[in-house]
Amino acid sequence: MSKPIIPIVPEQLVNDPSKGDGLGCHAGEKQMMDAAKSSGKGEVLQRYAQDYPKGPHDQPQSMCPAFGSLRVGLRMRRTATILSGSACCVYGLTFTSHFYGARRSVGYVPFNSETLVTGKLFEDIRDSVHEQADPNKYDAIVIINLCVPTASGVPLQLLPKEINGVRIIGIDVPGFGVPTHAEAKDVLAGAMLQYARHEIMAGPVQAPRTGVQTKPTITLLGEMFPADPAVIGAMLEPMDLAVGATVPTREWRELYQALDCKAVAAIHPFYTASIREFEAAGRPIVGSAPVGYEGTAAWLEAIGKATNTPQDRINAAKHKILPAIKAVLG
Ligand code: SF4
């Protein structure tokens, strides 16, 4: 006797994401992608495909990619983060964020098939953003469309760009368009840098909390261990350079500091959208990180060249750190 096949995902739901709140990562990437494209999200998905190529092994099995964006938002001061997605996804994402010590509420705008197809979900999101936009509490509110709202074309781009002085950042971070949480961090960091860059072009902006650096700075791109900026700062010192902001930043005003640099050290390789913003601001990008003997030598040379540092200072920076690395590596 043949065994019945359990219908884990009803076909109707697979073919039409608007049919309910029960879809998950298993719902069929192609169908979700097709639905999103026909709902007006084709351009953003095309950009993600170009920015974050999957490579020969396709998408790795990992936690929900949107966690990357959520984490970036939750780690910033005076920033509210709101999710728009299926309840099961939101449960998983909030659980993971609190497991990682978020100590911050995660906003959620629930939906059902009716609010999704009638456009009421978008109105609910807009209402919640208006309700939250208190300039005494927040510099920015981040709204993240998860898989189903993205596939259904919920138009976060139509939200006001600013309410009562609070910046509104709406991003689509679907698991079928952003490979892993690493790239999702860039989606939010890039969107924030773009917003901050336009603010800078429009007029004066806030200085960093610790004041403006007197030396030219190198912005570090990618999450760092706490000691990394100090160590890298010591390496840069002979070149008369200082470490500036680290992106993703911990506060909105640090975005201005990040853009106000002499060059950007792209320590992590995933930050394509952020790099695009730095390049638009005319900042040179130096890839890779100071790792190992040859790697550190090449990195210091590249930073020196990108910042027009005289060769004797570049050599001084190398002589300061390379013998110590050699001694450790043997
Ligand atoms: S939002 Fe994340 S958890 Fe939800 S279906 Fe998409 S990839 Fe899966």
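Reader: Okay, which strand is Gly 244 found in?
Author: Gly 244 sits in strand S7, which covers residues 242–247. Keep in mind that this is a predicted model.

Reader: Is Gly 244 buried or exposed?
Author: Gly 244 counts as buried, because its relative accessibility is 15% and the cut-off for buried is under 20%.

Reader: And what is Gly 244 in contact with, leaving aside its neighbours within four places in sequence?
Author: Those contacts are Thr 217, Ile 218 and Gln 257.

Reader: How far apart in space are Gly 244 and Thr 219?
Author: They are 4.9 Å apart, C-alpha to C-alpha, while in sequence 25 residues separate them.

Reader: Switching to helices. At what angle do H12 and H13 pack?
Author: The angle is about 165 degrees, and the axes lie 9 Å apart. H12 is therefore roughly antiparallel to H13, since that term applies to angles over 145 degrees. For finding them, H12 is residues 293–306 and H13 is residues 311–329.

Reader: Which residues meet there, between H12 and H13?
Author: From H12 you have Tyr 293, Thr 296, Ala 297, Leu 300, Glu 301, Gly 304 and Lys 305. On the H13 side, they meet Gln 311, Ile 314, Ala 317, Lys 318, Ile 321, Leu 322, Ile 325, Lys 326 and Leu 329.

Reader: How do the residues of that contact of H12 with H13 divide up?
Author: There are 9 nonpolar, 3 polar and 4 charged residues.

Reader: What about H9 and H12, are they roughly parallel or perpendicular?
Author: Roughly perpendicular, because H9 (residues 228–236) packs against H12 at an angle of about 70 degrees, and 65 to 115 degrees counts as perpendicular. Their axes are 11 Å apart.

Reader: Which residues of H9 and H12 meet?
Author: Ile 232, Met 235 and Leu 236 in H9 meet Thr 296, Trp 299, Leu 300 and Ile 303 in H12. That contact of H9 with H12 has 6 nonpolar residues, 1 polar and no charged.

Reader: Which way does H9 cross H12, left-handed or right-handed?
Author: H9 passes H12 in a right-handed crossing. The crossing of H12 with H13 is right-handed too.

How values were computed
Residues numbered from 1 in each chain as written. Predicted model: local features only at pLDDT ≥ 70, side-chain atom pairs only at ≥ 80, totals over all residues. Heavy atoms only, no water. Axes fitted to C-alpha atoms, helices over the stretch in contact; angles between N-to-C directions. Helix = DSSP H or I, 4+ residues; strand = E, 2+ residues; numbered from the N terminus. Parallel < 35°, antiparallel > 145°, perpendicular 65-115°, else oblique. Left-handed = near helix turned anticlockwise from the far one by under 90°. Contact = heavy atoms within 4.5 Å. Nonpolar A, V, L, I, M, F, W, Y, C, P; charged D, E, K, R; others polar. Buried < 20%, exposed > 50% of the residue type's maximum accessible area, 1.4 Å probe, protein only.
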